[in-house]
Amino acid sequence: MFVFPSFLQVEQVKLIDRFSTSNKSLVGTLYLTATHLLFIDSSQKETWILHHHIAAVEKLALTTSGCPLVIQCKNFRVVHFIVPRERDCHDIYNSLLQLSKLASYDELYAFSYNPKQNESKRLQGWQLIDLAEEYKRMGVPNSNWQLSDANRDYEICDSYPRELYVPRTASKPVIVGSSKFRSKGRFPVLSYYHRDKEAAICRCSQPLSGFSARCLEDENMLHAISIANPAHHYMYVMDTRPKLNAMANRAAGKGYENEDNYANIRFQFVGIENIHVMRSSLQKLLEVSGTKALSVNSFLSGLENSGWLRHIKAVLDAAVFLAKAIAVENATVLVHCSDGWDRTSQVCSLGSLLLDSHYRTIKGFMVLIEKDWISFGHKFSDRCGQLDGDPKEISPVFTQFLECVWHLTEQFPQAFEYNEAFLLQIHEHVHSCQFGNFLGNCQKEREELKLKEKTYSLWPFLLDEQKKYLNPLYNRDFSQKLVLLEPNTASFNFKFWRNMYHQFDRTMHPRQSVFNLIMAMSEQNKQLEKDFKELEAVSNLTGRLGKKECTLSHRGKIKCVPRLPFMLTFTELRGFAWVSCCLQHFLSCFCCPGQEGN
Amino acid sequence: MEFAELIKTPRADNVVLHRPFYPAVEGTLCLTGHHLILSSRRQDNAEELWLLHSNIDSIEKRFVGSLGTIIIKCKDLRIIQLDIPGMEECLNIASSIEALSTLDSVTLMYPFFYRPMFEVVEDGWHSFLPEREFELLSSVTNEWRLSYVNKEFSVCPSYPPAVTVPKSIDDEALRRVATFRHGGRFPVLSYYHKKNGMVMMRSSQPLTGTNGRRCKEDSALINATLRAGKRGYIIDTGGGFEQEVQYPQYNILQESLIKLVEACNDQSHNMDRWLSKLEASNWLTHIKEILTAACLAAQCIDREGASVLVHGTEGTDSTLQITSLAQIILDPRCRTIRGFEALVEREWLQAGHPFQLRCAQSAYSNSKQKWESPVFFLFLDCVWQILRQFPCSFEFNEHFLIMLFEHAYASQFGTFLGNNESERYKLKLSQKTMSLWSWVNQPEELSKFKNPLFEANSLVIWPSVAPQSLQLWEGVFLRWNRSSKFLDEAYEEMNNIIEYNKELQAKVNALRRQLAELETDDGMQESS
């Protein structure tokens with residue numbers, strides 16, 4: 001058996017800039033630790049790559065300068081090393097293969113990651129997001145919707161959470177019957193309740209209808225959902241798949257709802273492609289964007305051929321359709337795809353984001369991900385390839401969701417409390433396996449892994465550093481009411497997300513970031529406000545002591561000559577001591593009042 | 001007055017105006033010599049359209065029964081629609097607009113009739129004289145002189161009367177070099193790099209012919225710009241031999257613009273179609289090529305420490321794009337408002353870019369004239385691309401560039417009339433029309449064009465020309481195709497944060513200063 005070295009160190013390794021035409025490179029030492037690959041160049045700059053982030057390692061043909069090794073990461077970093085000796089390169093290559101392809105969950109970083117936090121704080125962290133609270137915020141349970149205990153022990157559906165909200169009129173037999181008629185038992189449940197419209201977003205998997213099968217309980221279930229919306233007599237059923245795919249599924253005994261069998265439903269296909277199409281689309285996109293000395297036309301035609309932006313638009317279009325059905329028509333919408341954990345999660349979460357400003361806050365966005373992605377069983381482990389498994393299960397479904405959110409932040413720069421860095425950081429940790437949140441494929445699996453006992457939750461860490469993720473332009477007024485965001489989805493609005501797919505290729509980015517500057521200024525403004533108040537207090541105090549007025553508007557032009565009183569009372573003396581001390585503090589700041597550099 | 005003959009129907013009632021993102025407005029349409037005016041019957045007069053005839057690029061007529069519709073496509077890329085009741089009225093109005101928007105005599109253009117409503121503090125016609133530029137140059141080097149060899153426009157009809165040339169080359173030699181260069185455009189100084197004394201020259205292509213004719217004065221002139229033992233570079237942007245950069249001719253650019261605008265105006269394109277249309281337009285390819293060439297020139301000068309001669313065929317189009325962009329990269333002064341205006345004057349207007357020919361029509365032109373070309377427009381787009389990558393290094397904002405784009409195509413000011421200084425002299429523009437700069441440089445106008453993020457950056461700025469770093473100039477190409485309300489509000493908010501920051505800093509600093517003085521005084525009292 002191959003035993004990988006716990007610590008491997010190779011000197012004189014070259015790190016090549018993958019876009020430089022002149023083959024610019026840095027020379028340094030490469031180290032392998034149990035969790036990271038580390039490269040320290042001659043200027044002591046460190047590049048850390050988490051083993052879990054490695055998507056592929058490739059050894060290229062030997063060149064005169066050494067053996068090239070290309071590492072592609074799930075966060076879209078691509079590093080190109082040249083290792084002087086082929087033997088070393090081979091060792092690194094084999095070690096990385098071993099380290100990045102793990103067979104079991106307990107080998108993942110999350111189980112060894114130790115941020116040196118005490119146990120109670122760790123547990124508190126896991127309690128930060130409370131979905132029961134979230135449903136309460138939406139206004140459920142209420143007279144139409146209730147918490148069902150049907151799946152309390154995962155007996156009906158093992159990929160759903162224990163707590164599910166269903167219409168009050170849906171009896172247990174109806175729920176059980178419906179679940180038997182749905183792929184993987186994923187029967188229709190509440191995803192989002194719109195308080196003002198009394199309309200709901202519900203989600204499920206495809207019905208096992210084949211060419212003609214019916215299920216009375218399932219029909220009753222949909223009817224129950226329909227009448228849980230008091231204002232309306234019809235509901236939408238959105239099949240997020242292309243019609244052709246849905247029809248093909250009928251041959252396998254699955255398929256879609258027959259409008260004739262269900263009372264008052266309006267059936268709609270929206271045509272989002274499946275995980276395999278999305279995987280190969282991203283593959284093509286990365287191939288194009290990774291090309292050296294790329295021409296504009298190859299880039300644009302490559303972008304087109306990859307189909308990536310077409311898919312992004314399809315997802316966003318579906319979300320807009322969903323949100324409008326609720327906000328404009330007051331209609332309840334049931335969303336499904338095949339198993340109801342990929343496209344359905346995308347559309348339900350984006351629809352909610354368009355409808356409810358709460359999800360456009362930092363905390364709210366965490367809740368949204370916990371609800372529609374984690375708890376409803378988006379298969380993070382399979383889709384992100386956390387373990388060495390079926391490569392056909394890997395797909396950038398969640399990345400697409402983040403990209404759709406990014407496009408919304410571009411169109412509505414003031415509607416989101418969080419910024420692009422927040423989206424990028426979440427993407428980073430979905431793949432890092434450093435925190436427990438995204439491990440496993442469903443809640444049941446997570447409970448079995450005892451994640452809440454053995455690992456940390458990502459969210460408190462993001463909240464702790466939330467300063468980095470705040471959008472300085474965020475306008476709370478934008479979020480006072482439940483106002484629908486109506487993005488323009490004409491094709492020309494969709495752009496290549498350079499900051500995601502080239503986040504490590506600094507040469508492609510604007511050299512000055514307006515965003516960082518405004519963010520720093522916003523922060524500085526808070527500090528300045530504080531300084532101003534304190535200075536004013538000091539100045540009032542000195543003014544009183546010295547009996548001399550200094551007004552703000554004179555900008556220090558006038559000369560203040562305080563006349564010290566001959567006798568000071570005890571309190572005044574103390575006051576004076578404090579003044580001197582404050583003066584010292586502010587004078588030290590005074591020397592460098594300049595603005596933040598960029 | 002001639003205009004009266006052209007206006008068959010001066011007014012029409014019950015005309016309905018359709019514009020993107022605005023509700024339709026009904027009102028009275030009036031045609032004057034230079035404007036198309038629509039005023040609604042609303043009391044507050046809020047819904048009014050004033051459109052310069054010269055801004056109209058093309059018009060289309062349609063009829064449904066007796067209701068006529070005129071679709072007006074403007075040079076600033078906007079498209080508006082007028083519904084005019086009555087077939088005859090509609091036809092009359094259409095033909096009047098057509099005639100008024102295609103006046104062939106320059107002296108009939110609006111700038112000759114425009115009377116400014118503002119007081120001229122500084123006459124823009126005298127703001128950017130070559131003598132003043134030369135004064136600046138003289139303060140750093142004495143190797144150059146201002147030659148008036150062209151004062152009668154006889155040596156080179158498209159050059160200004162005064163040009164900067166090496167001191168060692170006399171006027172007689174210049175005359176001889178002029179005969180060796182296309183259109184008489186002999187090499188002149190475009191830019192002097194203070195940091196290392198390297199220069200950028202520009203000219204037209206040499207007339208070497210098939211027998212490889214040479215001109216010793218031409219070589220002497222070029223050699224005079226080189227330091228002893230140093231190599232120089234020639235960047236050829238078009239024909240000729242010394243081919244280094246392949247770069248499109250101007251009629252190709254026009255076609256590119258037409259295709260791009262067509263693609264942007266169709267909202268119904270699916271993603272694949274949009275991307276393939278964007279690609280087929282080649283606009284971004286041209287942007288990349290020009291920026292690459294400008295970077296190359298700048299690199300030779302700043303990194304290689306070599307002097308550069310840039311020329312195309314005529315030296316009036318691609319040459320100027322490259323020399324002016326290289327200066328924006330190299331010279332912080334060109335990134336200020338004043339400096340950019342000087343650059344446009346020096347490298348475009350005085351350098352003889354034929355504005356009147358190139359900007360006669362814009363993206364909706366169907367005349368397919370080979371002299372029409374968005375050369376200056378493409379240059380502005382390139383500047384925008386650099387501005388996006390260095391958003392804090394420019395004193396002006398995007399609106400400033402858009403304003404220049406608009407005025408280059410249709411304006412009440414005389415600045416962009418004519419094709420070169422010689423024509424402008426003959427038209428007596430400086431006496432008969434107002435300069436754009438006189439208007440722009442008023443403090444209240446300038447404030448709209450100031451970039452709140454500006455912090456003078458004395459460094460050379462190298463833009464990225466990777467396709468992933470280049471973008472469609474949405475502020476121009478999507479301006480009329482989508483609402484920018486949320487983006488405008490965000491920009492406003494950004495301004496507020498910056499303004500508030502300045503205010504707070506000023507207040508806090510004032511207080512600190514006061515306290516500092518207090519402390520010094522205290523100290524003095526204590527020690528005494």
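Me: How far apart do the end C-alpha atoms of residues 487-521 of chain B lie, and how much of the span is helix or strand?

Reply: This is a predicted model. The ends of that stretch sit 51 Å apart, and the span is 100% helix and 0% strand. UniProt, in an unreviewed entry, lists residues 487-521 of chain B as "coiled-coil region".

Me: How many residues of chain B are in contact with chain A?

Reply: Start with the general idea. Interface size is often given as the accessible area lost when the parts come together. Here 66 residues of chain B are in contact with 74 residues of chain A. The area buried between the two chains is about 6700 Å², and carbon and sulfur atoms give 62% of that area. Met271(B), Gln468(B) and Arg512(B) supply 12% of the area that chain B buries against chain A, more than any other three residues.

Me: Now chain A. How many helices and strands does its secondary structure come to?

Reply: Chain A has 20 helices and 14 strands. Of its 598 residues, 57% are buried.

Me: Take helix 14 of chain A. What should its 13 residues span at 1.5 Å a residue?

Reply: First, a general point about helices. An α-helix has 3.6 residues a turn, so residues three or four places apart point the same way. Helix 14 of chain A covers residues 420-432 and should span 18 Å; its end C-alpha atoms are 18 Å apart, so the two agree.

Me: Is helix 14 of chain A mostly covered or mostly uncovered?

Reply: Mostly covered: ten of its 13 residues are buried. Among them are Phe422(A), Leu423(A) and Ile426(A). The cover includes strand 4, helix 11 and helix 13 of chain A.

Me: What happens at the start of helix 14 of chain A?

Reply: A side-chain oxygen of Asn419(A) reaches to within 3.0 Å of the backbone nitrogen of Ala421(A). Just after the helix, Cys433(A) takes a positive phi of about 60°.

Me: Which residues of chain A does UniProt list for "binding site"?

Reply: The unreviewed entry lists Asn274(A), Ile275(A), Cys337(A), Ser338(A), Asp339(A), Gly340(A), Trp341(A), Asp342(A) and Arg343(A). They span 70 residues in sequence, yet no two of their C-alpha atoms are more than 12.1 Å apart, so they gather at one spot.

Me: Is Gly340(A) buried or exposed?

Reply: Gly340(A) is buried, because its relative accessibility is 2% and buried means under 20%. Gly340(A) sits in the loop between strand 14 and helix 10 of chain A.

Me: Where is Arg343(A) found?

Reply: Arg343(A) is in helix 10 of chain A. Arg343(A) is also buried, with a relative accessible area of 9%. A polar atom of its side chain lies 2.8 Å from the backbone oxygen of Ile272(A).

Methods
Residues numbered from 1 in each chain as written. Chains lettered and ligands numbered in written order. Predicted model: local features only at pLDDT ≥ 70, side-chain atom pairs only at ≥ 80, totals over all residues. Heavy atoms only, no water. Helix = DSSP H or I, 4+ residues; strand = E, 2+ residues; numbered from the N terminus. Expected span 1.5 Å × (residues − 1). Buried < 20%, exposed > 50% of the residue type's maximum accessible area, 1.4 Å probe, protein only. Contact = heavy atoms within 4.5 Å. Polar contact = N/O pair within 3.5 Å; in protein donor to acceptor, adjacent residues only side chain to side chain. UniProt positions renumbered as here; feature names shortened; annotations may be inferred. Buried area = accessible area lost by both parts, 1.4 Å probe.
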